Amino acid sequence: MKKVFSQKVIAALLAVNLLTGCQGLFQEPDIQNNPNVVTDVDVTTLLAGTLLGVSFLHEDTDVRIASLWAGELNGLSRAHQGYAQYIVSSQSFFWSPLYPVASQARLMQTKADAVGDQWTKGVGQVLEALVIAKATALYGDVPYRQAFNDAAFPTPVFDQQAEVYAALQTTLDNAITNLSAPTGLAFASQDFIYRGDVAKWKAAANTLKARLYLHTGDYPRAVASAAAGIAGPAGDALVPHGTAQGVDINQNYDFFRVSRAGDTGFDGAYLPRLMQSRIGSANTKTDETALYNHYLKVGITATGSLDPNTTDGAFTANAPHPILTYYENQLILAEAQARLNVPAAALTALNAVRAGLATGYVNGKTIAAPGRRYDAYALTDFSPTGLANPTGLATVQTALLYEIISQRYICFLMQYEAFNDYRRLAKATPVVQLPIPLYAGTQKPQRFIYPQNEVNTNPNVPQPLPNQFAGVPLF
């Protein structure tokens, strides 16, 4: 995995982009032509730049492809129409800035050690885990142990996916230890996620641990980690945005409204069908009309088109974008408890999400009240004839799981975790899945394809090369 960019230059570029926008991240030709223009970057500046890189990776093309393949969005034109039809190749995917950003997170830790600061090191470990977790979830086996020392390991080995997940749990355990230190460097001005609140970073680390345990089916540990995770909406890890074009706007807004208007939309996607079926059901405790209108708006790009709401909803220029949230934490807790057949605890966690949605809060925004109702469920609502069991599932456990999974799918719009769920749920027991249809062909994509640059430069790439329909080991 030969790096095109030097670590120090990437750090400087990320830091500068905090002020100048991230749309052209890692595309400056001078970075390739002169990799020695920057001599040093301090640890707090490195923190700010790495946060920007991690934020970019949660709003990039990979996330859109994952949303297409999860059935949440549809590709209608140009490259994204091909993506929606599962037409991709090794030229469709890139590990820059994925691994350069992870490398910056590792460099943060080295620099934090040099000044004896456990807090900044802990944040660096959380950021590293976020990036590598995305890589292994989407690609399967990936480099990790040898990924950050290109001098010693210019062609790093690919660690097995199970080993990567285990190593990430260790990384996060170490992060929690470091974030529990009594003192550390102040970094509030460089931290645009939590403003230097170490307790919030620690909770986020636990939520990420819970996510990874849910992926591996370790439900008792998922419950334990979620119990120490993000405790309320104020703890959400959200990427802040503004309204200045090319500076700080939400990247979804830029794609949906400015640079690629009409390339994607909700016409033909499963998400609006699911939400409409819930809105039109006999479930008198739930009305998701307001959330539906928050996500979708008719006629922005063309008459009658079903578009992402870039006007006054989820995808405005200044809309915050989620990385880790309280709703995800509670839905992890809900699903894990349901799979452990502890329905009362699962219901408590699900109702906590519903209580939040009832206030109108969604990822840093508040939706107006009309069409917004989320009354607390009772377990009897999930009986075979219960109002929250529209498909007549035979047991309370499976009906409760179906509602939890549906709520996850809706909450994860434009997050790659929806694609992880689609694949994961095919193996989780009891098997409960949403009836997400295929857009094309007879096979559903199961993974991203290893990038061509990695294939060309690293002899350790798994052989034979898996295509997009070959499952990753975990899912």
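The charged end of Arg 64 sits over the ring of Phe 255, 3.7 Å from the ring centre. A charge is said to sit over a ring if NZ of Lys or CZ of Arg is within 6 Å of the ring centre and within 35 degrees of the ring normal. This is a predicted model, in which local features need pLDDT of at least 70 and side-chain atom pairs count only at pLDDT 80 or more, while totals for chains, interfaces and linings use all residues. Residues are numbered from 1 along each chain as its sequence is written, and side-chain values use heavy atoms, with hydrogens and water left out.

**Charge over a ring**
- Arg 354 lies over the face of Tyr 377, 3.8 Å from the ring centre.

**Aromatic pairs**
- The structure holds 22 aromatic pairs; rings of Phe, Tyr and Trp (its six-membered ring) pair if their centres lie within 6.5 Å, and planes under 30 degrees apart count as stacked, over 60 as edge-to-face and the rest as tilted.
- Phe 93 and Phe 448 form a stacked pair, at 4.6 Å centre to centre with 25° between the planes.
- Phe 93 has a relative accessibility of 1% and therefore counts as buried (under 20% relative accessible area, where exposed is over 50% and partly exposed in between, with a 1.4 Å probe and protein chains only).
- Phe 448 is buried because its relative accessible area is 0%.
- Phe 255 and Phe 256 form an edge-to-face pair, with 5.9 Å centre to centre and 75° between the planes.
- Both Phe 255 and Phe 256 are buried.

**Cluster of rings**
- Ring pairs link Trp 69, Phe 93, Trp 95, Tyr 99, Tyr 139, Phe 158, Phe 419, Phe 448 and Tyr 450 into a cluster.
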